[in-house]
Amino acid sequence: MTDIMKRKFIALEISGKNYMTWVLDAEIHLDAMGLGDAIKDKNKERYDNLKLVTLPQARYDWAHMRLQDFKSVSEYNSAMFRITSKLKLCGDTITDYDMLEKTFTTFHASNMVLQQQY
């Protein structure tokens with residue numbers, strides 16, 4: 001428990017770009033200190049509003065994501081985890097099976113042998 005209390009996290013950006021991750025980090029930190037209820041009610045409305053904006057964009061990105069649109073597999077993997085993290089923060093459930101299925105179904109037609117192998 002002491003390790004959680006010593007955890008440091010990045011500061012909230014002025015633009016609010018990292019708000020959802022900051023809220024989660026702040027809640028973990030305050031819960032570890034026994035002050036978890038200090039911010040939950042005040043930030044819930046802003047979090048819900050931000051979720052209304054983030055969720056549709058993340059769902060759109062997930063639906064239109066294709067492996068061939070990226071220069072490397074690591075770029076695709078990074079984008080996939082970024083999108084799935086947003087979806088999970090907004091309450092959607094994305095499993096490993098969903099991520100694998102998404103990758104396999106976005107293989108180019110000329111790579112069908114690779115899709116069948118994996």
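**View 1. Thr84 lies in helix H4.** The model is predicted: local features need pLDDT of at least 70 and side-chain atom pairs pLDDT 80 or more, while totals for chains, interfaces and linings use all residues. Residues are numbered from 1 along each chain as its sequence is written, and side-chain values use heavy atoms, without hydrogens or water. Helices, like strands, are DSSP runs numbered from the N terminus (helices H or I, at least four residues; strands E, at least two). With a relative accessible area of 2%, Thr84 is buried; buried means under 20%, exposed over 50% and partly exposed in between, with a 1.4 Å probe and protein chains only. Apart from neighbours within four places in sequence, Thr84 is in contact with Trp62, Ile94 and Met99, where contact means heavy atoms within 4.5 Å.

**View 2. Helices H4 and H5 cross at roughly 135 degrees.** Their axes come within 12 Å; the axes are lines fitted to C-alpha atoms over the stretch in contact, with angles from 0 to 180 degrees between N-to-C directions. H4 and H5 are therefore oblique to each other (under 35 degrees is roughly parallel, over 145 roughly antiparallel, 65 to 115 roughly perpendicular, the rest oblique). From H4, the residues Tyr76, Met80, Phe81 and Thr84 meet Met99, Lys102 and Thr103 of H5. By class, this contact of H4 with H5 has 4 nonpolar, 2 polar and 1 charged residues (Ala, Val, Leu, Ile, Met, Phe, Trp, Tyr, Cys and Pro are nonpolar, Asp, Glu, Lys and Arg charged, the others, Gly among them, polar).

**View 3. The largest nonpolar core of the model has 21 residues.** Such a core is a set of buried Ala, Val, Leu, Ile, Met, Phe, Trp, Tyr and Cys residues joined through side-chain atoms within 4.5 Å. Trp62, Met65, Met80 and Leu87 have the most contacts inside the core. Helices H2 (19-32), H3 (37-63), H4 (73-89) and H5 (96-105) each supply at least two of its residues. For Met80, leaving aside neighbours within four places in sequence, the contacts are Trp62, Met65, Met99, Lys102 and Thr103. In soluble globular proteins, nonpolar side chains tend to be buried together.

**View 4. Leu55 and Pro56 of helix H3 are shown with Leu87.** Leu55 is located in H3 and, at 14% relative accessibility, is buried. Pro56, likewise placed in H3, counts as partly exposed at 47% relative accessibility. For Pro56 and Leu87, 31 residues apart along the chain, the C-alpha separation is 9.3 Å. Not counting residues up to four places away in sequence, Leu55 touches Leu87, Cys90 and Asp92.

**View 5. Leu67 is in the loop between H3 and H4.** Its relative accessibility is 17%, so Leu67 counts as buried. Leu67 and Thr103 lie 36 residues apart in sequence, and their C-alpha atoms are 6.7 Å apart in space. Leaving aside neighbours within four places in sequence, Leu67 is in contact with Tyr76, Thr106 and Phe107.

**View 6. The whole chain has 6 helices and 0 strands.** Read from the N terminus on, the elements run α-α-α-α-α-α. Of the 118 residues in the chain, 28% are buried. Among contacts between residues at least 6 apart in sequence, 53% join residues at least 24 apart.
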